[in-house]
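I opened this model today to look up a few side chains and helices. Here are my notes, in the order I took them.

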Amino acid sequence: PMARAGFAATLTLCTIVVLVLVPEAVRAYAPNLVATLRLPGEPAFIAGHRGDRADAPENTMPAFEAAFATGLDVVETDVQLTADGYPVLLHDPTVDRTTDGTGAIEDLTLAQVQQLDAGSWFAPEFAGTRIPQLGEFLDLLAATPRTRALLELKDFWTREQIAGILDDIYLRGVQNRVVFASFNFGSIENLASAAPVIPRVIIRRDLPADPVGLARFYGAIAIMTTPWSLETYPDAVADMHEAGLGVLLYTLNSQKRWKEATDYGVDGIVTDRPGKLDAWIAETRPET
């Protein structure tokens, strides 16, 4: 099993520290929360992208169960709202690619979504698998104490919508094991206001000229980006670490990319192949 408890301990300490802060202080204090998202000398943590989508249909309970069962550091998923306001786990704006249905998720009610088959497209043995609600995922998280969750809020979320999913998170007592992420700056701002005690990660396909300034402005603990961003800004990881911030890379699925990421010294790698990445890290990690 994966035994990188340092990340878990560091992130938990990060959240405990934030809990004593008033919301107004979070933006100014956030860059000092974590020196890195892992302890010195530890390998980058592994985040299972939409669960373990190499072995089960993405963003479904079988994929999450497979990811949690292997002792992953982090399990990543995507959260969207149905037409009647229920948070469900789906990456695309429509259900067309990963279910037997059609249409935008924002136009479908929860009852309609629950009728869709989200597994047959992957393999016949997953026929009848449903799009899960966020609460189902959080129940699994609550039952797996060491693993963390990276929840990407798709598109724009209002403060009221964020408050709705906070109820689900706090009800299960997993608030110290959740990190929010988003591409949308409006959502990041609303997260800072509605959920200041839960760490935030900004997602950017391309790094800005001043990633440290961007993270500090929004009170984020890290930026998640692509490997080609670091090719154009090779000092970004060192600059972010000097500022007490982290860098995560997505979605890396080859040994070539894993080596590039570890050479850069990034803090976390999001992958569709978490088991293979874990084995590769174990094989290539220098002897201590």
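I began with W121, which counts as partly exposed because its relative accessibility is 37%, between the 20% and 50% cut-offs. I kept in mind that this is a predicted model.

**Aromatic pairs.** I searched the whole structure and found eight aromatic pairs. One of them joins W121 and F122: the ring centres are 5.6 Å apart and the planes stand at 85°, so I noted the pair as edge-to-face. F122 is partly exposed too, at 29% relative accessible area. Next I looked at F217 and Y218, an edge-to-face pair with 4.9 Å from centre to centre and 85° between the planes. F217 is partly exposed at 44%, whereas Y218 is buried at 11%. I also saw F64, F68 and F137 linked into a cluster by ring pairs.

**A charge over a ring.** I found the charged end of R205 over the ring of F183, 4.6 Å from the ring centre.

**E76.** Beyond its sequence neighbours within four places, its contacts include H49, R50, F64 and L150.

In α5 (residues 134-142) I listed the buried residues, among them F137, L138 and L141. The buried residues of α5 pack against elements including α3, β2 and β4. For α7 (residues 185-194), the buried residues include I188, N190 and L191, and their cover includes β4, α6 and α8. I noted N184 as the cap at the N-terminal end of α7, with a side-chain oxygen 2.8 Å from the backbone nitrogen of G186.

How values were computed: Residues are numbered from 1 along each chain as its sequence is written. This is a predicted model: local features need pLDDT of at least 70, side-chain atom pairs count only at pLDDT 80 or more; totals for chains, interfaces and linings use all residues. Side-chain values use heavy atoms; hydrogens and water are left out. Contact means heavy atoms within 4.5 Å. Buried means under 20% relative accessible area, exposed over 50%, partly exposed in between (1.4 Å probe, protein chains only). Helices (H or I, at least four residues) and strands (E, at least two) are DSSP runs, numbered from the N terminus. A polar contact is a pair of N or O atoms within 3.5 Å; within protein, one must be able to donate a hydrogen and the other to accept it, and residues adjacent in sequence count only if both atoms are side-chain atoms. Rings of Phe, Tyr and Trp (its six-membered ring) pair if their centres lie within 6.5 Å; planes under 30 degrees apart count as stacked, over 60 as edge-to-face and the rest as tilted. A charge sits over a ring if NZ of Lys or CZ of Arg is within 6 Å of the ring centre and within 35 degrees of the ring normal.
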